[in-house]
Amino acid sequence: MPRPTWDQYFIEITHLVSTRSTCMRRQVGALLVKDRNILATGYNGAPSGIRHCEEVGCLREQMNVPSGERHELCRGLHAEQNAIIQAARHGINIDGSTLYCTTMPCIICTKMLINAGIRRIVYNEGYSDQLASQMLEEVDIEVIRFDRQPLEVKNNEMSVLRQS
């Protein structure tokens, strides 16, 4: 039984975190990791105490806003933003950490990650945001698209599911 790599382990956890998302369009999960320890998690959704989009409807859908545009027209925060906020609320230093995310960060999150001192980004799914990609090329942040092979757990044994 193959043991998952660290990147596979953390990417799998981001997918579990994403199941907490209340976004009607895209469920995203994020982890901030340093020295193989999870510092903070985040998923996309409305701020604490605010009704979720699944209760009041999706503003972006109502306004026909295409994916990747006008990020400010949304009730929710992105998973990466929530992970950074969670770390800040708990006084956790994320400088030099790795972001694991189910989706490539948008430009707004990319700018926050750069200034937060993130040194590595490992993501699973692409996201069409040319400016985010251009900015990441200008800084010393390693960016890796991780081809996920989901893990399967049966009878307390873990194995990699081979996708055909």
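This is a predicted model: local features need pLDDT of at least 70, side-chain atom pairs count only at pLDDT 80 or more; totals for chains, interfaces and linings use all residues.
Local features were taken only where pLDDT is at least 70 and side-chain atom pairs only at pLDDT 80 or more, while totals for chains, interfaces and linings use all residues. Residues are numbered from 1 along each chain as its sequence is written, and side-chain values use heavy atoms, with hydrogens and water left out.

Start with the sheet. It is open and built from 5 strands in the order β2-β1-β3-β4-β5, with mixed pairing. Strands here are DSSP E runs of at least two residues and helices are H or I runs of at least four, both numbered from the N terminus; two strands pair if DSSP finds at least two bridges between them. At the edges sit β2 (37-43) and β5 (142-145), each pairing on one side only. On average, neighbouring strands are turned by 15 degrees against each other, direction ignored (axes are lines fitted to C-alpha atoms, and angles run from 0 to 180 degrees between N-to-C directions). Strand β4 (residues 120-125) runs parallel to β5 and is joined to it by 4 bridges; R120, for instance, has E142 as its bridge partner in β5.

Next, the greasy part. A nonpolar core is a set of buried Ala, Val, Leu, Ile, Met, Phe, Trp, Tyr and Cys residues joined through side-chain atoms within 4.5 Å, where buried means under 20% relative accessible area, exposed over 50%, and partly exposed in between (1.4 Å probe, protein chains only). The largest core has 22 residues, and A30, L32, I94, L99, L113, I118 and I121 touch the most other members. At least two residues each come from β1 (29-34), α4 (79-89), β3 (98-103), α5 (107-116) and β4, with α4 giving the most, 4 residues. A second, separate core of 9 residues includes F10, L31, V33 and V122.

Back in strand β1, G29 counts as buried because its relative accessibility is 0%. Beyond four places in sequence, G29 is in contact (heavy atoms within 4.5 Å) with residues including T14, V17, G42, Y100 and T102.

D129 is buried yet has no salt bridge, and the nearest side chain of opposite charge, K111, is 9.0 Å away. A salt bridge would need a Lys or Arg side-chain nitrogen within 4 Å of an Asp or Glu carboxyl oxygen; Lys and Arg count as positive, Asp and Glu as negative, and His and the chain ends are not counted. Not counting residues up to four places away in sequence, D129 touches H71, C106 and I107.
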